[in-house]
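The questions below concern surface patches, backbone geometry and aromatic pairs in a predicted model.

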Amino acid sequence: VFNSDLRANGHWVFAGGLGSPTTATVIDGRGGAAILTDGPVVETKEWLSGFWIIEADDLDVALKLAAAGSEACNRRVEVRPFL
């Protein structure tokens, strides 16, 4: 319902869910040949489970949408500008 509301009100750009950190592969290609390592870059109790990329006129609108998203998915939501 939340995603449908984002679409209906012109805020939707893209969204996606992410697999757990146990499914991650880290690739480090900084020193020539790439080194692959199983698992996340950082071990942590909290992790990103998904994301929304939205269009918002300003930060106040983005924060209001994030509050609604947090309620809809029963998770904390972090707001950052897309660079």
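Q: Which residues make the nonpolar surface patch, and what is its area?
A: The model is predicted. Val 13, Phe 14, Leu 18, Leu 48 and Phe 51 make the nonpolar surface patch. Its area is about 450 Å².

Q: Is Phe 14 buried, partly exposed or exposed?
A: Phe 14 lies in strand β1, which spans residues 12-17. Buried means under 20% relative accessible area and exposed means over 50%. Because the relative accessibility of Phe 14 is 43%, the residue counts as partly exposed.

Q: How many aromatic pairs does the structure hold?
A: A pair of aromatic rings is described by the distance of the centres and the angle of the planes. Rings count as a pair if their centres lie within 6.5 Å. The number of aromatic pairs in the structure is 2.

Q: What is the geometry of the pair formed by the rings of Phe 2 and Trp 52?
A: The ring centres of Phe 2 and Trp 52 are 5.0 Å apart, and the planes are at 70°. Planes over 60 degrees apart count as edge-to-face. The pair of Phe 2 and Trp 52 is therefore edge-to-face.

Q: Which elements hold Phe 2 and Trp 52?
A: The pair links distant parts of the chain, with its two residues 50 residues apart. Phe 2 is buried at a relative accessible area of 13%, whereas Trp 52 counts as partly exposed at 30%. Phe 2 is in helix α1 (residues 2-8), and Trp 52 is in strand β4.

Q: What is the geometry of the pair formed by the rings of Phe 14 and Phe 51?
A: The centres of these two rings are 5.8 Å apart, with the planes at 40°. Planes under 30 degrees apart count as stacked and those over 60 as edge-to-face, with the rest as tilted. The pair of Phe 14 and Phe 51 is therefore tilted.

Q: How many residues apart are Phe 14 and Phe 51?
A: Phe 51 counts as partly exposed, at 32% relative accessibility. Phe 14 is in strand β1 and Phe 51 in strand β4, so that the pair links distant parts of the chain. The two are 37 residues apart.

Q: Which residues gather in the patch of negative charge on the surface?
A: One of the members, Asp 58, is in the loop between β4 (50-54) and α2 (59-73). Asp 58 counts as partly exposed, at 39% relative accessibility. The patch gathers Glu 55, Asp 57, Asp 58 and Asp 60.

Q: What is the phi of Asn 74?
A: Asn 74 lies in the segment after α2 and is exposed, with a relative accessible area of 64%. Its phi is positive in a residue other than glycine, near 55°.

Key: Residues are numbered from 1 along each chain as its sequence is written. This is a predicted model: local features need pLDDT of at least 70, side-chain atom pairs count only at pLDDT 80 or more; totals for chains, interfaces and linings use all residues. Side-chain values use heavy atoms; hydrogens and water are left out. Patches are made of residues with over 30% relative accessible area and no salt bridge: like charges are joined within 9 Å, nonpolar side chains (Val, Leu, Ile, Met, Phe, Trp, Tyr) within 5 Å. Accessible areas come from the Shrake-Rupley method with a 1.4 Å probe; for residues, only the protein chains shown count as cover. A salt bridge is a side-chain nitrogen of Lys or Arg within 4 Å of a carboxyl oxygen of Asp or Glu. Helices (H or I, at least four residues) and strands (E, at least two) are DSSP runs, numbered from the N terminus. Buried means under 20% relative accessible area, exposed over 50%, partly exposed in between (1.4 Å probe, protein chains only). Lys and Arg count as positive and Asp and Glu as negative; His and the chain ends are not counted. The place of a charge is taken as NZ of Lys, CZ of Arg, CG of Asp or CD of Glu. Rings of Phe, Tyr and Trp (its six-membered ring) pair if their centres lie within 6.5 Å; planes under 30 degrees apart count as stacked, over 60 as edge-to-face and the rest as tilted.
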